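User: I would like to learn how to read the fold and the pockets of a model. Could you take me through a case?

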Amino acid sequence: MSTRAAVSGYLLLEVLIAVMIIGLVLPRLLLDAAERVHAVKSIEERMIGGLVARNRLTRIRLAGRIYGDRPERNSEGVDRMAGREWQWRANTEPTEVPGYFRITLEVFTEEGQQQAVAEVVGFYGDQQFAESL
């Protein structure tokens, strides 16, 4: 074998070591990528869930101001945003200040889910509803 042929090619041992290193590193890189995709999905759900909750809170406030609808003590429903349906649950309770109510909105990705992806607490004030709720 000439010196030129030995220098220009890789030895079988070098190729096996390179394949072994790739075999050890590649699964970890793929696992990291999968974890990041899951984290991005979770962040997206929390962000859109927060938007759904704030939109619903605004609708509750507007219904009171425009139509005189009083906020229900407990209500739930479904809103559509970002191409999917979001379950929401609103709990309204009086505060220590007469005429003001605390509205807690929880948003879920699917019906029957126990852990909310977003929760928003807001307040609603209207003296005419103070004694009735």
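This is a predicted model: local features need pLDDT of at least 70, side-chain atom pairs count only at pLDDT 80 or more; totals for chains, interfaces and linings use all residues.

User: Which elements does the chain have, and in what pattern along the sequence?

Analyst: Start with the elements and their order. Here the chain has two helices and four strands, arranged along the sequence as α-α-β-β-β-β.

User: How many of the residues are buried?

Analyst: A residue is called buried when its relative accessible area is under 20%. By that cut-off, 29% of the 133 residues are buried. The accessible surface is about 9,800 Å², with 58% of that belonging to carbon and sulfur atoms.

User: What share of the contacts join residues at least 24 apart?

Analyst: The share is 45%, taken among contacts between residues at least 6 apart in sequence.

User: Where does the lining of the largest pocket come from?

Analyst: For a pocket, read the volume, then the elements, then the residue classes. The largest pocket has a volume of about 200 Å³. Helix H2 (12-67) and strand E2 (84-94) each give at least two lining residues, and H2 has the largest share, with four. The lining includes Arg 56, Arg 59, Asp 69, Arg 70 and Glu 72. By class, five lining residues are charged, four nonpolar and two polar.

User: Which element gives the most to the second largest pocket?

Analyst: E2 does, with three residues. This pocket has a volume of about 170 Å³. Among its lining residues are Gln 87, Trp 88, Arg 89 and Phe 108. The classes are four polar, four charged and two nonpolar.

Definitions and conventions: Residues are numbered from 1 along each chain as its sequence is written. Side-chain values use heavy atoms; hydrogens and water are left out. Buried means under 20% relative accessible area, exposed over 50%, partly exposed in between (1.4 Å probe, protein chains only). Contact means heavy atoms within 4.5 Å. Accessible areas come from the Shrake-Rupley method with a 1.4 Å probe; for residues, only the protein chains shown count as cover. On a 1 Å grid over the protein atoms alone, a cavity is a set of points where a 1.4 Å probe fits but cannot get out, and a pocket is an open set with protein on both sides within 12 Å along at least five of seven lines; lining residues have an atom within 4 Å of a point. Grid points are joined across faces, edges and corners, and a volume is the space filled by probe spheres set on the points. Ala, Val, Leu, Ile, Met, Phe, Trp, Tyr, Cys and Pro count as nonpolar, Asp, Glu, Lys and Arg as charged, and the others, Gly among them, as polar.
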